[in-house]
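Student: I've got a structure open and I'd like to talk through a few spots in it. Can we go question by question?

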Amino acid sequence: MVVPVRRHGRALRLSAMSLFCLAAVVTALPAAGQSVAVVLDQAKVMRIPERTSTVVVGNPLIADVTVQTGGLVVITGKGYGVTNFIALDNRGNILLEQLIEVRGPEDHVVVVYRGVERESYSCTPKCERRITLGDTPDYFEAALTQTGRRDEQARGTGTGNEPRGR
């Protein structure tokens, strides 16, 4: 069977696009000296050496690293800053030492300053409160409390006695 060049070219483009998308989902091992950039409150998937048996995180307040099957880890940005993680084999040999840099979100976030007071909003497309490290404590706590109550209600663990209209 003869496949027209035009259809074959489209199939090659689709295959190349599929490979590109897969590569975007799983980050390979970064080059030596490069840090892994993670956005606060987001996750990134990365490959680690096959013989890894232990993963150590320098500061778990900055990033969390969860080991998955198939030689993958999920890195979640928890606080601003730089920390490291170390992958060890079962003998304690270092297989990988990697810096993790957690940055703030850049897209669709509006930060409002009122003097020294700071509030963050996620504007996708309508602006809503966003819980972001560095916001004024009252604003942060109010948003966090509302989010927690909503989560409790969704799980069915709320008491039902929460005040309405807040």
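This is a predicted model: local features need pLDDT of at least 70, side-chain atom pairs count only at pLDDT 80 or more; totals for chains, interfaces and linings use all residues.

Student: What is the volume of the second largest pocket?

Tutor: Its lining includes Arg129, Arg130 and Ile131, along with Ala143, Gln146, Thr147 and Arg150. By class, those residues divide into two nonpolar, two polar and three charged. As for the volume of the second largest pocket, the value is about 160 Å³.

Student: Which element gives the most to that lining?

Tutor: Look at the lining residues Ala143, Gln146, Thr147 and Arg150. Helix 2 spans 137-155, and with four residues the top contributor to the lining is helix 2.

Student: Thr136 sits in the loop between strand 11 and helix 2. Is Thr136 buried or exposed?

Tutor: Leaving aside neighbours within four places in sequence, Thr136 touches Val116, Glu117 and Arg118. The cut-off for buried is under 20% relative accessible area. Thr136 has 10%, so the word for it is buried.

Student: Over to Asp64 in strand 5. Which side chain does the side chain of Asp64 make a polar contact with?

Tutor: Asp64 is partly exposed, at 31% relative accessible area. Beyond four places in sequence, its contacts are Val74, Ile75, Thr76 and Lys78. The polar contact, at 3.5 Å, joins the side chain of Asp64 to that of Thr66.

Technical notes:
Residues are numbered from 1 along each chain as its sequence is written. Side-chain values use heavy atoms; hydrogens and water are left out. Helices (H or I, at least four residues) and strands (E, at least two) are DSSP runs, numbered from the N terminus. Buried means under 20% relative accessible area, exposed over 50%, partly exposed in between (1.4 Å probe, protein chains only). Contact means heavy atoms within 4.5 Å. A polar contact is a pair of N or O atoms within 3.5 Å; within protein, one must be able to donate a hydrogen and the other to accept it, and residues adjacent in sequence count only if both atoms are side-chain atoms. On a 1 Å grid over the protein atoms alone, a cavity is a set of points where a 1.4 Å probe fits but cannot get out, and a pocket is an open set with protein on both sides within 12 Å along at least five of seven lines; lining residues have an atom within 4 Å of a point. Grid points are joined across faces, edges and corners, and a volume is the space filled by probe spheres set on the points. Ala, Val, Leu, Ile, Met, Phe, Trp, Tyr, Cys and Pro count as nonpolar, Asp, Glu, Lys and Arg as charged, and the others, Gly among them, as polar.
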